[in-house]
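User: I have a structure to go through for class. Can you walk me through it?
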Amino acid sequence: MTPIRHNDDVLDAARDCVLAYGVRRTTLTDVARRAGVSRMTIYRHWPDMRALVADLMTREWVRVIDGVDLADPVGAVVAGVRGLREHPLWRKIVEADPELLLPYLLDRRGASQEAVLAVLEPALGDARRARAVLLVAQSFLLSAPTMLGPVTLDELDAELATLLEAYLGGPPGHLPGHPPDSGPAGGSGPGGGTGR
């Protein structure tokens, strides 16, 4: 039997409640009622709405990530940013309860970020690059609205693609601004050159 923490009926009910009322105005009782389960059934698996919403966000964001084609990593990252930005749950949380996102930006990686890294690392061939790309993508996802006018979201997404293409154009492990096979101090390695 599937554990309730992965029960789509409960997570669907939580999503519907959050979309209707926001996180702060939704209770576990509301979710239980909508899911057709007892309140105690939910309390046994989620101690509070924050834990339930964390699982809901992970499920929803991973679904967006699962829908991108990593044959083109740049296109996949831009599509992922667009998909999250347009996601109704993302928009509701950003508008009504943005403080829910702060722990994942300032204190720790969440399950969604771990899932993105698990996809990016093999696609990019480098843990450092995967983390750098995730940081850039997060900034475009979260802060793009502050940069609008006269620039549009489509134009910013095109700039994200340009940045990623320039960054990912070198061999894995290459640090932009340094010759290939050199470390951060700029020392020359085997076959060192100008790096551009």
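**Confidence, core and a helix pair**

User: Where is confidence lowest and where is it highest among the helices?
Analyst: This is a predicted model. In the protein chain, confidence is lowest in helix α3 (residues 39-43), with a mean of 91, and highest in helix α9 (residues 127-143), at 97.

User: And what is the mean pLDDT of the protein chain?
Analyst: The mean is 86, and 83% of the residues reach 70 or more. Over residues 170-196, pLDDT stays under 50. For that stretch the model has 32 contacts beyond four places in sequence.

User: New topic. How many residues does the largest nonpolar core have?
Analyst: It has 48 residues. V31, L52, V53, I93 and L120 have the most contacts inside it.

User: Which helix gives the largest share of this core?
Analyst: α4 does, with nine residues. Other helices that each supply at least two residues include α1, α2 (28-35) and α5 (73-86).

User: What does L120 touch?
Analyst: Leaving out residues up to four places away in sequence, L120 touches V77, G125, A130, V133 and L134.

User: Back to helices. At what angle do α1 and α4 cross?
Analyst: The axes of α1 (residues 8-21) and α4 (residues 49-66) cross at roughly 100° and come within 10 Å. Angles of 65 to 115 degrees count as roughly perpendicular, so α1 is roughly perpendicular to α4.

User: Which residues make the contact?
Analyst: On α1, they are D8, V10, L11, D12, A14, R15 and V18. On α4, they are M49, L52, V53, D55, L56, R59, E60 and R63.

User: How many of those are nonpolar, polar and charged?
Analyst: Eight are nonpolar, none are polar and seven are charged.

Key
Residues are numbered from 1 along each chain as its sequence is written. This is a predicted model: local features need pLDDT of at least 70, side-chain atom pairs count only at pLDDT 80 or more; totals for chains, interfaces and linings use all residues. Side-chain values use heavy atoms; hydrogens and water are left out. Axes are lines fitted to C-alpha atoms, for helices over the stretch in contact, and angles run from 0 to 180 degrees between N-to-C directions. Helices (H or I, at least four residues) and strands (E, at least two) are DSSP runs, numbered from the N terminus. Angles under 35 degrees count as roughly parallel, over 145 as roughly antiparallel, 65 to 115 as roughly perpendicular and the rest as oblique. Contact means heavy atoms within 4.5 Å. Ala, Val, Leu, Ile, Met, Phe, Trp, Tyr, Cys and Pro count as nonpolar, Asp, Glu, Lys and Arg as charged, and the others, Gly among them, as polar. pLDDT is the predictor's confidence in each residue, from 0 to 100. A nonpolar core is a set of buried Ala, Val, Leu, Ile, Met, Phe, Trp, Tyr and Cys residues joined through side-chain atoms within 4.5 Å. Buried means under 20% relative accessible area, exposed over 50%, partly exposed in between (1.4 Å probe, protein chains only).
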